[in-house]
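Keep the structure open as you read.

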Amino acid sequence: MNVNPAAKAYTNLGIMDEPETSKKSSMSMGLLSRNSKPKTEKKSSEPLDRVRDYVSSIRKARKQITNG
Amino acid sequence: MAELPTPSFDYPIPGQGMTAEVGSRPWQNPPQYTTVEQALEFYIPRLVADDVYEALLDSMELGIPLTTMADSMQSAAVMQGLHTIDVGILAMPVIIEMLAFIGDDAGIEYTLGTEAPIDEDKISESKIALAMKRMREKLPEALEESKEEKVVKVEEPQPSGLMARRV
């Protein structure tokens, strides 16, 4: 039985390996089209989300090293 | 009439010797670093400091899991009153990732410590199948004989009545 909290904390972050590609908006660019800007997603400032961001950025740099 | 001995309460409470005045321990005081960022600002420069860096690489080469190393670091910092356990738990994934980064950068094979533990008592199906195959290859005749023994001739019950035909 693994009782190390670090392993649990690390594996339960829920970081996706590949970032989701942003969908292109299918809004028309005509003169009569609505002039609404796509909503920007609000970034959560919860500590867990910040930690997730830090880990994913370090992981990205780590993968660059391993992939050459 | 003999008097019963009265219980004395003038003894230390079990475990009292291991306690101290409230607030006299570092972890009983307000922590030095209250946010994850502050804690990481404390950890990361230390991880890449020359003396610690070499020791970390040695530990990785010895096969100590990174999760164990990160847990030890944060536990020690909690005991020193640097941050709370909550902040330590939050900082641990970043420390582990940073350790992995250091290991990759130095080209060292390390154990992360998140792999599922292998149950040594449980034999996998593939191993059983492999052993069976080897056994069949080694003892084909013995298996044939055992198969023949298993085949039991089923004799039909012969009629034994008065009106039955005689064979």
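**Helix 4 of chain B and its neighbours**

Helix 1 of chain B and helix 4 of chain B cross in a right-handed way. This is a predicted model.

**Helix 4 of chain B by itself**

- Helix 4 of chain B covers residues 85–106, which is 22 residues.
- At 1.5 Å a residue, helix 4 of chain B should span 32 Å. Its end C-alpha atoms lie 30 Å apart, so the two values agree.
- Helix 4 of chain B has a kink of about 35° at B:Ala91.
- B:Gly107 follows helix 4 of chain B, and its phi is positive, near 70°.

**Packing against helix 1 of chain B**

- Helix 1 of chain B runs over residues 36–47. Its axis is 10 Å from that of helix 4 of chain B, and the packing angle is about 30°.
- Angles under 35 degrees count as roughly parallel, so helix 1 of chain B is roughly parallel to helix 4 of chain B.
- Helix 1 of chain B brings B:Val36, B:Ala39, B:Leu40, B:Tyr43, B:Ile44 and B:Leu47 to this contact. Among the residues they meet in helix 4 of chain B are B:Val87, B:Leu90, B:Ala91 and B:Ile102.
- The contact of helix 1 of chain B with helix 4 of chain B has 14 nonpolar residues, no polar and no charged.

**Packing against helix 3 of chain B**

- The axes of helix 3 of chain B and helix 4 of chain B come within 9 Å, crossing at roughly 140°. The two helices are therefore oblique to each other.
- The crossing of helix 3 of chain B with helix 4 of chain B is right-handed.
- Helix 3 of chain B contributes residues including B:Leu66, B:Met69, B:Asp71 and B:Gln74. Helix 4 of chain B answers with residues including B:Ile85, B:Gly88, B:Ala91 and B:Leu99.
- The contact of helix 3 of chain B with helix 4 of chain B has 13 nonpolar, three polar and one charged residues.

**Where the chains touch**

- The contact between the chains takes 21 residues from chain A and 20 residues from chain B.
- On the chain B side, helix 3 and helix 4 each supply at least two residues. Helix 4 of chain B gives the most, with 12 residues.
- The side of chain B that touches chain A has 12 nonpolar, four polar and four charged residues.

**Packing across the chains**

- Helix 2 of chain A covers residues 47–66. Its axis comes within 9 Å of the axis of helix 4 of chain B, and they cross at roughly 5°.
- Helix 2 of chain A and helix 4 of chain B are therefore roughly parallel to each other.
- Helix 2 of chain A provides residues including A:Pro47, A:Tyr54, A:Arg59 and A:Arg62. Those met in helix 4 of chain B include B:Pro93, B:Glu97, B:Phe101 and B:Asp104.
- The contact of helix 2 of chain A with helix 4 of chain B has 14 nonpolar, one polar and five charged residues.

**Helix 2 of chain B**

- Helix 2 of chain B has 13 residues, 50–62. It reaches 19 Å from its first C-alpha to its last, close to the expected 18 Å.
- B:Gly63 follows helix 2 of chain B, and its phi is positive, near 100°.

Notes: Residues numbered from 1 in each chain as written. Chains lettered and ligands numbered in written order. Predicted model: local features only at pLDDT ≥ 70, side-chain atom pairs only at ≥ 80, totals over all residues. Helix = DSSP H or I, 4+ residues; strand = E, 2+ residues; numbered from the N terminus. Expected span 1.5 Å × (residues − 1). Bend = angle between axes of the 7 residues up to and from the residue. Contact = placed C-beta atoms within 7 Å. Nonpolar A, V, L, I, M, F, W, Y, C, P; charged D, E, K, R; others polar. Axes fitted to C-alpha atoms, helices over the stretch in contact; angles between N-to-C directions. Parallel < 35°, antiparallel > 145°, perpendicular 65-115°, else oblique. Left-handed = near helix turned anticlockwise from the far one by under 90°.
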